[in-house]
2 protein chains.
Amino acid sequence: MPAIPYRERVLRLREDSIVQAVNRLLVTKGYDLMTVDEVAAEAGMAKASLYKHFTSKEELAAAAMIRVLDRAIAHVALLHAQAPQATARCQLEAVVRWTLKVQLEGEMPSLPAENSRLTASLRANREYMNRLIELSESLGAWIAAAQADGGLDAGLPPELVLYTLYARACDPVLAMMKASGQHPDEQIVEWLVSTTFSGIGRPAVGGAKPTTRAGSTAKAKVVAG
Amino acid sequence: MPAIPYRERVLRLREDSIVQAVNRLLVTKGYDLMTVDEVAAEAGMAKASLYKHFTSKEELAAAAMIRVLDRAIAHVALLHAQAPQATARCQLEAVVRWTLKVQLEGEMPSLPAENSRLTASLRANREYMNRLIELSESLGAWIAAAQADGGLDAGLPPELVLYTLYARACDPVLAMMKASGQHPDEQIVEWLVSTTFSGIGRPAVGGAKPTTRAGSTAKAKVVAG
DNA sequence: GTCTATACCCGGATAGAC
DNA sequence: GTCTATCCGGGTATAGAC
């Protein structure tokens with residue numbers, strides 16, 4: 001039952017390499033500075049061939065962004081399955097840690113910012129918006145639970161928490177710290193998880209934190225390295 | 001002693017209106033999407049006239065960014081003068097509050113992270129870099145003091161704290177919250193100051209904080225200034 | 001479906017009259 | 001110094017052969 005014939009499969013592979021090229025360029029240059037010529041060169045084909053698969057530059061970028069959301073949704077599902085008993089706060093920390101790792105590996109395009117014509121076209125893209133809503137609802141459930149059980153500050157609007165999580169996924173601080181080259185990657189990630197949940201202020205003393213302070217155990221180990 | 005003749009003064013006024021137009025466009029569209037034609041239209045003159053004052057689009061943007069840094073440096077100096085006895089942490093909170101307020105008023109261009117050709121040219125601009133270093137040294141002194149007296153988490157590298165302050169000045173979360181229109185501006189600002197210094201985690205109970213929790217007392221006074 | 005070559009437009013920068 | 005008109009590179013998208 002070769003429901004997916006050979007031709008179809010090589011086509012999918014080719015499109016996948018295109019999307020990966022787009023993702024790399026979105027990360028390094030951003031949408032506006034990314035040119036279709038570069039995408040074609042990176043994907044190893046002529047520009048006109050790209051337009052046989054995707055009808056416009058916007059659609060090209062949308063495919064890459066959708067892929068990012070799919071990865072995030074899959075990871076959230078994985079966390080649900082792996083540790084169903086974990087606290088909501090702990091799950092959210094894991095999500096942030098994962099997004100930072102993806103960003104460290106150079107695979108997380110920075111989407112927000114009001115500008116960049118990409119955002120406008122993404123809002124009109126149903127496939128993208130449906131996934132964004134799905135992801136937001138999953139995270140929203142954890143946020144509500146964590147605010148109810150004291151894992152997160154219940155005085156903050158849930159939307160503010162959600163936006164903060166999205167913003168930290170593309171936080172430029174990580175790139176700046178990595179550029180300095182003074183610290184190992186894992187250490188940087190744990191610091192950013194820590195500042196996201198506990199801020200830059202004095203760390204709480206005497207078990208005021210609902211869970212282990214982010215990076216407490218991992219930190220000591222990594223600092224030595 | 002009219003060391004500044006009349007001609008010179010109208011020239012300065014004209015250039016100042018240009019820089020303001022650039023700043024507005026940098027905020028709304030960002031450097032790459034901002035066109036020189038738009039700047040000319042906004043400033044109320046022909047495009048060619050712009051090039052009599054500034055030799056390139058990059059220089060145009062640099063002038064606006066330098067102006068932003070000058071405002072920040074001036075505000076830091078003001079804080080020094082107004083409250084020389086305040087704790088370093090309190091001063092840093094005031095700085096963040098000010099940057100958020102400027103962003104709220106639509107006058108804070110988002111310093112793009114790695115991408116955007118603007119950053120490359122800014123790094124090569126001495127006037128910009130000198131001011132950036134000056135500002136960073138002022139903030140760095142407060143950061144060191146706050147980490148020494150327990151106002152800030154001493155386990156974080158000072159550079160991480162500094163980068164975080166810069167990043168929060170352009171935090172997209174503020175724009176998202178404002179766009180929702182559900183909350184008053186002052187409330188949004190205080191929430192963001194709070195998440196910057198204390199994170200989104202459970203607020204400390206029973207005076208674990210070194211200063212008043214962001215947004216309680218310091219708010220009224222400093223926001224007015 | 002992939003290529004080469006090209007149409008077309010937009011935006012930065014300039015020429016030259018006043 | 002300000003204007004109108006123009007140049008010209010570069011970027012998206014397409015035509016048409018194979």
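**Entry 1: DNA strand C**

I sorted the residues of the surface near DNA strand C by class and got eight nonpolar, four polar and five charged. The classes I used are these: Ala, Val, Leu, Ile, Met, Phe, Trp, Tyr, Cys and Pro are nonpolar, Asp, Glu, Lys and Arg are charged, and the others, Gly among them, are polar. I note that this is a predicted model, where local features need pLDDT of at least 70 and side-chain atom pairs count only at pLDDT 80 or more, while totals for chains, interfaces and linings use all residues. Residues are numbered from 1 along each chain as its sequence is written, chains are lettered from A and ligands numbered from 1 in the order in which they are written, and side-chain values use heavy atoms, with hydrogens and water left out.

I then listed the 17 residues around DNA strand C, of which A:Arg14, A:Ala46, A:Lys52, B:Lys47 and B:Tyr51 come nearest. I took a residue as near a strand if one of its heavy atoms lies within 4 Å of it. Of the atoms of DNA strand C that come within 4 Å of the protein, 55% are sugar and phosphate.

Next I looked up polar contacts (pairs of N or O atoms within 3.5 Å; within protein, one must be able to donate a hydrogen and the other to accept it, and residues adjacent in sequence count only if both atoms are side-chain atoms). A:Arg14 has a polar side-chain atom 2.8 Å from a phosphate oxygen of DNA strand C. For A:Ser49, a side-chain N or O atom is 2.8 Å from a phosphate oxygen of DNA strand C. From chain B, a polar backbone atom of B:Lys57 is 3.0 Å from a phosphate oxygen of DNA strand C. Helix 3 of chain A gives the largest share of this surface near DNA strand C, four residues. Helices here are DSSP runs (H or I, at least four residues), numbered from the N terminus.

**Entry 2: DNA strand D**

I found 17 residues around DNA strand D, the closest being A:Lys47, B:Arg14, B:Ala46, B:Ser49 and B:Lys52. B:His53 places a side-chain N or O atom 3.0 Å from a phosphate oxygen of DNA strand D. Backbone atoms take part too: a polar one of A:Val36 is 3.0 Å from a phosphate oxygen of DNA strand D, and an N or O of the A:Lys57 backbone is 3.0 Å from a phosphate oxygen of DNA strand D. Helix 3 of chain B gives the most to the surface near DNA strand D, four residues.

**Entry 3: helix packing in chain B**

At what angle do helix 9 and helix 10 of chain B pack? I read about 150 degrees, with the axes 10 Å apart. Axes are lines fitted to C-alpha atoms, for helices over the stretch in contact, and angles run from 0 to 180 degrees between N-to-C directions. The two helices are therefore roughly antiparallel, a label for angles over 145 degrees. The contact (heavy atoms within 4.5 Å) joins B:Val173, B:Leu174, B:Met177 and B:Lys178 of helix 9 of chain B to B:Asp185, B:Ile188, B:Trp191 and B:Leu192 of helix 10 of chain B. I counted six nonpolar, no polar and two charged residues in this contact.

Technical notes: Angles under 35 degrees count as roughly parallel, over 145 as roughly antiparallel, 65 to 115 as roughly perpendicular and the rest as oblique.
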